Amino acid sequence: MSAIDPAVRSRAASPAGGVSLKANAERFGLLAAWAGVVALFGALSPEAFLTWINFSTMFSSQAILVVLTLGLIIPLTAGDFDLSVASTMVLSAMTVAVLNALHGWPVGAAIVVALGLGFLIGLINAAFVLFFRIHSLIVTLGTGTFINGTVLWISGSQTVGGVSMALVDWVIVQRVFGISLSFYYAVILCAALWYFLEYTSPGRRLLFVGRGREVARLSGIAVDRVRLLSFIGSGVIAAFAGVLYAGTTGSADPLSGLTYLLPAFAAAFLGATSIVPGRFNPWGSFVAVYFLVSGITGLTILGVDTFVQNLFYGGGLVIAVALSQLVRKRQPQNFS
Amino acid sequence: MSRSRRIWTLTTAFLGSALLAASAHADPMAEAEAIIAAHKTMPAFTAPGEAFDAKACMKDKKMFVIPLTMTNPFNVQVSKAMEEAAAVVGFPFANWDNQLKVDQWIQGMAQATAEGYSLIDLQGGIPPEALLPQIAAARDKGVKVTTTHLYDVTQTKSDSLDASAKTNYSQAGKILAAWAFKRTEGKPNVLIIGSDEIIPTAPFVKSIQDTLKSLCPDCKQKYVNVPVPEWGTKIQSSVQSALVADPGLNFVLPIYDSMSQFVVPALRLTGRMGAVKIASYNGTPFVIDMVRTGEVDMNIGESIGWIGYAAIDVNMRALCGLPPVEVLNSPLYIFDASNAETAGVPATFNDGYGDSHVAGFKTLWGIE
């Protein structure tokens, strides 16, 4: 089985067998845009933006969003939506906080329970989608709302503080090259997911299922099992993002983490325009997160109002995808 | 009066006022310490108005409260405290459960009006402008409409309301500014974080800015607006960027204390924990816990039980035709490392403030 999508390979190779400049422009366009953003803000505010503390802080603080996006792209690759990822993340963070801070459980045991809940949520999502044949958008919208209610219930609608400092240490206090460990967890997960999708047979099956369920079924792939595992993967990774969230703030808030849902979708779709264009891919998502955060950080350092961040987030997403389409000569995109 | 005498008088008056102004700021540190000291002592009850027979006045009346949202513990606890105070007086009281949805508020207004409640209290943040037709309909039926814990003392209430007990956010702003000034030994370089869509934010922030300017005209200050729905994603990044852009920053004032949980990771990630201090307002229990553990330097609290009793007092006065109480009788009290434990371990909404308000209000209402 090929490591590179046949469509990508055909686009990347010129008729003469060389590498197409256009295909590379599409693959690395977002990376170039990221470099452009860094150069622009570096020129405008070199003493603040072009400092290691700025970059190390950016890398460290966005690890939660990277991990959540990685969780999201697994069902997206299989052709399913999971709108419950942010809720799962918040439930996981709240579970760690409630068990550890309020009930005195060891933080390790609390993390195991939180990850187990992520597994269970993935299983429930898959059960409703696959057994009742309901669209994933509807099921995960419902389960996400149900989870939000559960979080309010178990937390008494309150922020729960006092999460073990051991977790905080292992998430943001301990550093390598000045960057918190949370960033390296995200990088390791990104590499593992990339390897899984590119070089393993279950990973390739996931891609086939996303490209065409009927074709995959006729090819002998157990489509339902693949989709089941994709939901479970999404739930567990979202729960892991929740563990990082609790470790970052040292607390758990029943509501604020829900705002990560749209940035995660934005990063997933923006990431699908680069590295492996037309396909949700881990490194593309990784680059997308840091492209967006670099722009936002630059604007904040320049003292621009907060609403401009939204303009950059929304505008950046639409413009990047539009430029990618121009390079592709406006062919319809079939994300999977 | 001769012309020369008039000039002399005017000159003397001018010099006198200039001297007075100068003496007022002769020792800004003493001024800051005086502001802080006034809020470090255990709150004592002072009657917000004349005594009255609450039981007799409320005999045939009932009250309906619509909190901003029951997903916010502050609103939940205020409603509970109001219910407790209503039970002390002995009149029917209903709380409208909702989750920050305008259609739910509208439904609550309609239900209270239809069921013949005497008063509807929009508790803890509902802007009356969002419910103008419903408020008008209720008032047409003789229902009084009030707000609790919405406006700052410097703001004018909406004409659509019968009464509104305002909160002294401006004083909280003064305390925060004075605290930053004192804790940095007169050299604050402050980042203020607020949410402009919350009604009292503007005067609250202005009070901090004006007090800082008054205590220390040359000190640096910067304001960042982060809307409430974006606290989880934008506060941390905004603080990080501000710290990178200005390494001399030494104090962060997130004006609503639940913001603090996103400021702390920004300080940790930039390696500025301890060097940059945090002070805030609200007295939310988990933030008082953060004061106890040293992550937050100071938090200004209000006893929620006190707020509940004071709100019921204001509403009863509106129903009984007594002169209105303009400022909610809920004192501001400073929690720092020296007294955070008095709020409980873990902290609660009511511990640490004493309970002089319970006996005080009961006496005022002629119950004991």
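Let's start in chain B, with B:Asp289, a residue of helix α11 (residues 285-292). Keep in mind that what you're looking at is a predicted model. B:Asp289 counts as buried because 25 other C-beta atoms lie within 10 Å, and the cut-off for that label is 20 or more. What sits around B:Asp289? Leaving out residues up to four places away in sequence, B:Asp289 touches B:Pro346 and B:Ala347 from chain B, plus A:Gly161 and A:Gly162 from chain A. B:Ala340 is 51 residues from B:Asp289 in sequence, yet their C-alpha atoms are 7.2 Å apart in space.

That takes us to where the chains meet. Chain A brings 36 residues to the contact, and chain B brings 32 residues. On the chain A side, the elements giving two or more residues are α4 (52-61), β1 (160-161), α9 (165-173), α13 (223-249) and α15 (282-301). Of these, α4(A) gives the most, with five residues. And what kinds of residues make up this side of chain A? They split into 23 polar, eleven nonpolar and two charged.

Now follow chain A to helix α7, residues 107-131. Its 25 residues reach 36 Å from the first C-alpha to the last, close to the 36 Å expected at 1.5 Å a residue. Several of the residues in α7(A) are buried, among them A:Val107, A:Ile111, A:Leu115, A:Gly118, A:Asn125 and A:Val129. The cover over the buried residues of α7(A) includes α6 (85-102), α8 (136-155), α9 and α13 of chain A. Just past the end of α7(A), A:Arg133 takes a positive phi of about 55°.

Key:
Residues numbered from 1 in each chain as written. Chains lettered and ligands numbered in written order. Predicted model: local features only at pLDDT ≥ 70, side-chain atom pairs only at ≥ 80, totals over all residues. Contact = placed C-beta atoms within 7 Å. Helix = DSSP H or I, 4+ residues; strand = E, 2+ residues; numbered from the N terminus. Nonpolar A, V, L, I, M, F, W, Y, C, P; charged D, E, K, R; others polar. Expected span 1.5 Å × (residues − 1). Buried ≥ 20, exposed ≤ 12 C-beta atoms within 10 Å, placed from the backbone.
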